[in-house]
Amino acid sequence: MKKLFLSAGLIVGMASGANAATCSNPVQITWSTIAGFYTDAMANFVKDFEVKNCAKVTVVNIDNSQLYNKQVIEMVGQTGAYDVVTLETAEKAEFAQNGFIKPMTQFFKDKQGLVNDVAPILRGMTVEYKGDIWGLPYYTYTAGMFVRQDLLDDAGEKQAFKAKYGYDLGQPQTWEQHRDIAKFFTRKTGEKLKGEPLKKDFFGVGLMAGPFPEIQDELSAPLWGMGSDWLTKNGKVPVDDVEKVLGQYVELLKYAPKAALTVTYDGVMNQMKDGQIAMTHGFFLDQWPNAVKTEEMVPGAKMSAIEAPGKRAYVGGFLLAVSSSSANPEMAMKFVAHIGGKDIQRQFAELGGASTLTSVLSDPYFSSPAMRSKTGQYATLNKVFQSMNGFSSNLFKTPFGAKIYNSMQIPLQAAAAGQISVRQAAERLAADVEKICGGPCPIAD
Amino acid sequence: MQSQSNSALMRTSSAGMSDRWFSIALIAPAMAVTLIFALLPLAYALDVSFRFADLSRGKLGDYLGLDNYRTVFADADFWSASWVTMKFTIVAVGLQMSLGVGIAFLLHGAQFAKGITRSLLILPLATSAAVTGLFWRYLYDTQFGVLNFVLGAIGLPEPNWLGDYTIALWSVALFDVWQWTPFVALIALAGLQALPKEPFEAAELDGASQWRILTKLTFPLLKPVLFLVLVLRTIDCVRLYDAVAVLTRGGPGTSTETMTFYLYRTGLKLFRMDYASTMAVFFLYVMLVAAVFALTPLLKQFTDRAKES
């Protein structure tokens, strides 16, 4: 009996010793990423990876406004501080072109199914550049629009709208309809909304015209919708087109809370949940779990996530890529595949994250009533991706995209605030872009 | 002979080091820190200002002579940011000085709660602008902010503090005044308390009016302290960054974009380190010249006093 115990103890000891030997020296990798929900949710899945791969992942949370600067500095210095970096859509070309990140085409050669599972439009915008694959997106903030469906469905409002505009009130299909609806629902305290007198001013639309890049995300929707782009194929800003959409946007500001000039997406969500606005402009669909809370906070409210008018809107995703100066690129690539892979993306979706994989987005489970509060926007997100299939923006094909993206809000917001005219803003944007690129911006095929 | 040997003893330390070398040894660590953290980066910035340096493209480029200086001086945004900085500095420092000195006089004459008021005055200074700026951003919020709530409750207009380009700069200035007026007040109060009593007693015996005492005695005696505070506050306001970064990010448009914020944007958003370094060098030059002009009379005054005493 004593021998049996001793043998058993020896076997257990050897087994645990062997296990310790396999992971006594875990491979260290560091992931620089955005502080907030995206990372908090992902942190749970890092553990899985560490155990399976004998790795130690250090997650560095950086405020979104500083992430780009910090990453560029580390990449230029080739410090190896970050193995895996997180890139905004407009930053991919710059990082790839300047050799800051490693191509992963070879790595994904036997994982083509995973790459093909990334929504095609998202793949084109965030993953591919000059024929190579540069990582996997793990989160998408692609835009659609949020509307107060209860207002659009109200019989009294429908009747009044038809009498005023001559067509039926419903989800806006064009930007002209969007403007009409915004104007129609803008009301003062004491006026009636759905037959009830308002206790505070109500506005037709919430806008993100603050000093943040989100203003250009909003404007991308009508600009792309009219068949234009931020950069022509010759690498120049189409001044007349920008002037047109910016002019319409400035007009729309009349129907938005005046806080529009200081807020970004969280401010608009607060306006929605506070019962101040009827709808958004082109807006990040990943905010659905936030937007749907309006139903709890505003009596009688019913929210819908829909495609933006013209079926074009900002396509964005956080790309995970591997730094060229990584000391452990293979482990870093495995990590990218792990976080962007189907298992983790499913678990991420369970928590309310906006997945990038078609197989997850189209899974009926995530569009079921039980999951409405977390992933109720998935069906719409799928529609957006389908509608935009084949579309591409030159902003994401120029290695100067990140710099342009980081400075274009200045003239746009100046016009929104009335500091300069719409024409001046469009011309200034063109001049700024030319200055950044040192002439017409190069556009990759 | 005895006194000579005493003085020789004074000039050498116990280890045989002369006073001169001992004093050099004492300041050497501070000089080393200054050299490493101030002078070397400055020399590097000066070097970069004459070269092509787009950081996002990697290494430093070729020397371009004075091209970067020409580009920066021809840049309308640079001059616009300089103008914003100047407006801000004049208004903020003006208000801080007048309010601070006023508060100091009130406190100097106060009979009770002097200690607690002094302690409370330190509070705005005790936290960084990045933190208090966040509080102020919420105070200024047009929808949920306390300021507009109060103004609305008493029937006054509710301004868009940070979203209206005509007033956003003054909203930032108001925040800066709130934070730094106590500094001026505390220094001025210390200056007031350190003034000699005799001239005031003599003036009172001579029947001088309060106004005459104030203009002919108090302010002239307080001038060196006030001048020093003025110089410190001016330098601080000219390099304003944190309040702008937290409250407005230079917006709406460019209405609150100060020199330092523009420099940050050029250097760390566009990664044009060449232009950013050029601006920084020019900025430093202007500040140095201004500081030398401003401080020379003050230093002369201090030196004269030291000689007299």
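In what order do the three strands of the open sheet in chain A stand? The order is β10-β7-β11, and the pairing is antiparallel. The two edge strands are β10 (283-284) and β11 (303-306) of chain A, and each has a single partner strand, so one side of each is left without a neighbour in the sheet. Strand β7, residues 143-148 of chain A, pairs with β11(A) in the antiparallel sense over four bridges. One residue pair can be picked out here: A:F146 has A:A305, in β11(A), as its bridge partner.

The structure is a predicted model. Its scores are ipTM 0.86 and pTM 0.88. For chain B the mean pLDDT is 90, and 95% of the residues of chain B reach 70 or more. Where pLDDT is low, the predicted coordinates should not be read in detail.

Next come the domains of chain A. Domain 1 covers 25-141 + 315-387, and domain 2 covers 143-312 + 408-437. Taken over C-alpha atoms, the centres of these two domains of chain A are separated by 29 Å. Where they touch, 13 residues of domain 1 of chain A are in contact with 11 residues of domain 2 of chain A. On the domain 1 side, the elements that give two or more residues are α18 (372-375) and α19 (378-387) of chain A. The largest share of that side, five residues, comes from α19(A). By type, the residues on the domain 1 side divide into four nonpolar, seven polar and two charged.

Is A:T140 buried or exposed? A:T140 has 29 C-beta neighbours inside 10 Å, and 20 or more is the cut-off, so this residue counts as buried. A:T140 lies in strand β6, residues 136-140 of chain A. Leaving aside neighbours within four places in sequence, the contacts of A:T140 are A:L122, A:D286, A:G316, A:G317, A:A354 and A:T356. A:C437 is 297 residues apart from A:T140 along the chain, and the C-alpha atoms of A:T140 and A:C437 are separated by 28 Å.

In soluble globular proteins, nonpolar side chains tend to be buried together. Here the largest nonpolar core has 188 residues, and the ones that touch the most other members are A:V84, A:V205, A:L246 and A:V336. The element that gives the most to this core is helix α8 of chain B, residues 168-193, with 11 residues. Back in chain A, A:V84 is in contact with A:I29, A:W31, A:L320, A:V322, A:A332, A:F335 and A:V336, leaving aside neighbours within four places in sequence.

Just after α9(B), B:G207 takes a positive phi of about 80 degrees.

How many residues of chain B are in contact with chain A? There are 23, and they are in contact with 23 residues of chain A. On the side of chain B that touches chain A, the residues divide into seven nonpolar, 12 polar and four charged.

How values were computed: Residues are numbered from 1 along each chain as its sequence is written. Chains are lettered from A and ligands numbered from 1 in the order in which they are written. Two residues are in contact if their C-beta atoms, placed from the backbone, lie within 7 Å. Ala, Val, Leu, Ile, Met, Phe, Trp, Tyr, Cys and Pro count as nonpolar, Asp, Glu, Lys and Arg as charged, and the others, Gly among them, as polar. Domain bounds come from an automatic or database domain assignment. Two strands pair if DSSP finds at least two bridges between them. pLDDT is the predictor's confidence in each residue, from 0 to 100. A nonpolar core is a set of buried Ala, Val, Leu, Ile, Met, Phe, Trp, Tyr and Cys residues joined through C-beta atoms within 7 Å. A residue is buried if 20 or more other C-beta atoms lie within 10 Å of its own, exposed if 12 or fewer, and partly exposed in between; C-beta atoms are placed from the backbone.
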